[in-house]
Structures are given as structure tokens and as C-alpha cells.
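Please consult the sequence and the model alongside the notes below.

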Amino acid sequence: MPYYTKLGKLPSKRHIQFRRPDGKLYAEEVFGTEGFVGPTSTLYHINPPTQVIGWKALYSTKVEYVERDTMRMRHVKSAPLPPKGDAVTGRVVLFGNSDVEISVCAPAEPMKYHFKNAMADECFFIHFGSGTVFTMFGALKFGPKDYIVIPKGTIYRFEFDKTKAGEPQPRMLLMESVNGSHILPPPRYLSKKTAQFLEHAPYCERDLRLPEMPMTFDKKGSFEVRIKSRDLVHSYQYSYHPLDVVGWDGCYYPYCFNIDDFSPIVGKHHMPPPTHQTFEAHNFVICSFCPRPLDFHPQAIVVPYNHSNLDSDEVLYYVEGNYKARKGIEVGSLSLHPQGIPHGPHPGTPEATIGATHTNELAVMCDTFAPLYPTQAALDLDDLHYPRSWEHGWEPDEAAATAGDAKPKTTAKSTAAVKGKKSAATKSKAGTKTTRSGSASRGKAADTWS
Ligand SMILES: [Fe+2]
């Protein structure tokens, strides 16, 4: 984060004697970025953070992408992904490139170790579930719809609350800056002189939830920290608890931000995606599409115009809302609209949504400047009919009924669809069914996906 804060006990100056109750020195660690000219924090450990008793490589994290030569719109339904692993081993990368990896994670078991991503900043979006992330900077309590930004090098452990009866199992989206850049608020939201959030920013310091106590675990024993580095996870063993910081200060730390605290900016005419920008890193941005009043020009078209985002691939993760406005989309769906071809509203939607006064959409978008590629896991969840869903008369129900709700398992099958095989999904029936929603008290609603 760009602004200064502190937690716990600190000496009056940097780099001076600061002693434990037993008279020995605390171990100072400068936690710096960009060659110590970027955001930095200074931490005081009970034990020297350099004392390690063992290490070994555990497993590769290198992601394999498929269909790198295929360019088409994609729709992946992630909801059917069953829970597996923990908050680290349960991650399933669906799309990515050399800048960012986009994964979903439905953890099935608790983390029995601490983790450090030494390659990337991580931005989680908690779709379902609540709990606490215990970090070296302190604890972050989280719940549904929280972003959790954990900067590179932070040691942490997710601990989810027990899921209550009738509630969904924990599930989260993760965007990881594999190009080594840092995920930060857009610079245009911040004062150049003070780094304070400016008045036009859709959120500010008060919306961010910073680490709190408990922070310090003064324990001896055998503790594992799994460190992601060099496209591998390494197991490091320590003889003391890795969260042993008694105090820290600076501008580099993890934090939470709930998407409901994002204040959408609305306009007389359709506002473009940068209006919804929440974070950015090198070569990608993260945006929040939140419930809001719609454009108020008396003749406004409230859904987006067809658009070519010539320099970006766009991934939308659908959190909640009226998905009937975009055919076939479900809670947990991810759509990928690649640079190179335009995308926009489905046929009939601009006309059908005229007069809509609000949207209840909630979605997280990740735009990248380089093409995104799918993994095999994405192909296994691929909705092959999606690229044809803009054809007049196309309905997802018809496609499912006549094409067996195709969930291709092979690249060859996907390629066939790309080549334009006439599928049952394309045998359109007359007329276009459009769906509206909204309560009488609030007027007509429409979803306005980017
Ligand atoms: Fe778009």
C-alpha cells in the first residue's frame, strides 16, 4: 500500500538497539521492494529471520497453457469444480500469461503450514467463506466479497471458519502477478504529493482493513514455511514460529477491501470499464462491477456498446446478479473476451433494457495487455457454445438439450468448434427471448457486463 502505518512495538528510530524483555536484541528486517526504493516496511522479529534448519524442493508450479494458437471468446463454468487441497494446493489456474495467473480455489482442508509467495503479489476475491489470514504483519479477518491483497514475500496462513449449515463452501478467485509487479491502487486515485486517496477515487483509506492483533506467536518447535520461488514450492523448516514479529511500520503490508465498499461512479451516459478500476499491476488491471443506478439520459442505452478493447483480453468473474441477461452465464462463470475481435451485448439486450434504472450485477474483471491462454482445467469446463451466443435466436437451453450440454475434454473437440462446425446450438429458432428483472419499487433492472 502507498501510505504509512504501523502496528505493535517499535523503537524510536530505525536501526538502533531494540531489546527483548530478556535483554537480547530483536532482529530487525527491512522488507523492501524495487531495490529498496519502492514501498518498504521494517519489521522486528523475536528470532533472526535468517535462522533456517532445513529446506527442500516440493513441487512445480509451472503452468502449462493449451490452445495458444486459438483465438475465440470463452466461457468457463467454475462452480462445478469440486473442493480440493488447501488454500494453496487447491488453486486451479484457468487463464494466464507471463503477467498474471487467474485461478479459482475451493479449499477442502486447512493449511497445516505457512506459505510465502516469493514470486508474486496475490489478490484474492473471497466469493464464499469467512475466516482469518494470519500474516507476519498481523491478522486479517475476512468474509464474502472481500478482496485480500497479499504482497510478495508475506508469510501467511489461511484459516477458514467452519461453514454453517446451508451456506456455500469456501471459494475464491485469485489473480497473481507472475511478472513480479505489485498490485496497487491506480496511481490516478492518489495524490502525487501525499499518496492520499483523492476525492474522485471510488474508495479511500477508510475502506481498507489493515492487519490487526494477534500478530506475535512466540513459540519454539518445528514449523514449515512453504515458499513459492523459481516456479517451485520449497519446504523450509524453522525452529520457531514464523509469525514472530512484535512490531512493524512502513508502506508494504497486506490488507482487505470489501467490494461492497467500492462506490461506483455513474453517469448520464454509459461509463467505461476504467471507471470501475480497483487495482492495477504491470500489464493488467482489476475492476469491480457493482450494483448501481444506470445511465440517466432520457434516451440512454444502458448496456455497453459493442467494443473492441484493442490492447486487452478481458476476463469477467460473475459473482452474483441477474445472469439471465447474458445467456448461459452462471454464478462462478468466467468469460474471456480476447483482443482481436469485438464483443458486446447479446442480441435484443440493448432494446430490452431501455428504461432500466439500476443493475444488480456484481462481477470482478481482470484485463490484461497480453493475450491470455487457457489451461486444460479451463478447457474441461469450457462452454463451446459461447462464441455463437450472439447469434439471433440462440438460447443456452436449446444448446444444452440438443448438444448434450457439451463439456469438451479434448483440445480436438474445441478446435472443431472453432473451425465453425454447424452445431445444434446454431440452429436458431425464430425470435430472441430477452429476460428482465427488477422490483417494482426500484424500477427496471438490467445487467451491463463490460
Ligand atoms: Fe468488455
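The notes that follow move from the whole chain to the core, an open sheet and selected loop residues.

The structure is a predicted model. Its protein chain contains 4 helices and 27 strands, and 40% of the 450 residues count as buried. Among contacts with a separation of 6 or more, 77% are between residues 24 or more positions apart.

**Nonpolar core**

- The largest nonpolar core comprises 85 residues. Tyr147, Ile148, Val315, Tyr317 and Ala363 have the most contacts inside this core.
- Two domains contribute to this core, with at least three residues drawn from each of domain 1 (5–51 + 82–258) and domain 2 (264–426).

**The open sheet**

- An open sheet is formed by 8 strands in the order β15-β19-β12-β9-β14-β7-β6-β27, with antiparallel pairing.
- The edges of this sheet are β15 and β27 (373–374). Each has a single partner strand, so one side of each is left without a neighbour in the sheet.
- Strand β9 (residues 122–128) runs antiparallel to strand β12 (residues 146–150), and 4 bridges join the two. Within this pairing, Phe125 has Tyr147 of β12 as its bridge partner; Tyr147 is also one of the residues with the most contacts inside the largest nonpolar core.
- β9 also pairs with β14, in the antiparallel sense and over 6 bridges. Here Phe124 stands opposite Leu174 in β14.
- Strand β7 (residues 101–105) pairs with β14 in the antiparallel sense over 5 bridges. The bridge partner of Ser103 in β14 is Leu174.

**Burial of β14**

- Strand β14 (residues 171–176) is mostly covered, and 6 of its 6 residues are buried.
- In a regular strand, side chains alternate between the two faces of the sheet.
- Both faces of β14 are covered. Arg171, Leu173 and Met175 are buried on one side, while Met172, Leu174 and Glu176 are buried on the other.

**The loop between β15 and β16**

- Pro214 lies in the loop between β15 and β16. A cis peptide bond joins Met213 to Pro214, with omega about 10 degrees.
- Thr216 lies in the loop between β15 (208–209) and β16 (220–229). Thr216 counts as partly exposed because it has 19 C-beta neighbours inside 10 Å, whereas a buried residue requires 20 or more.
- Thr216 and Asp244 are 28 residues apart in sequence, yet their C-alpha atoms are 4.8 Å apart in space.
- Leaving aside residues up to four places away in sequence, Thr216 touches Asp244, Val245 and Val246.

**Residues with positive phi**

- Glu34, although not a glycine, has a positive phi of about 50 degrees. Glu34 lies in the loop between β2 (27–32) and β3 (40–45).
- Glu34 is exposed because 11 other C-beta atoms lie within 10 Å, and the exposed class covers counts of 12 or fewer.
- Arg230 is a residue other than glycine with a positive phi, near 55 degrees. Arg230 lies in the loop between β16 and β17 (232–240).
- With 13 other C-beta atoms within 10 Å, Arg230 is partly exposed.

Terms used. Residues are numbered from 1 along each chain as its sequence is written. This is a predicted model: local features need pLDDT of at least 70, side-chain atom pairs count only at pLDDT 80 or more; totals for chains, interfaces and linings use all residues. A nonpolar core is a set of buried Ala, Val, Leu, Ile, Met, Phe, Trp, Tyr and Cys residues joined through C-beta atoms within 7 Å. Domain bounds come from an automatic or database domain assignment. Two residues are in contact if their C-beta atoms, placed from the backbone, lie within 7 Å. Two strands pair if DSSP finds at least two bridges between them.
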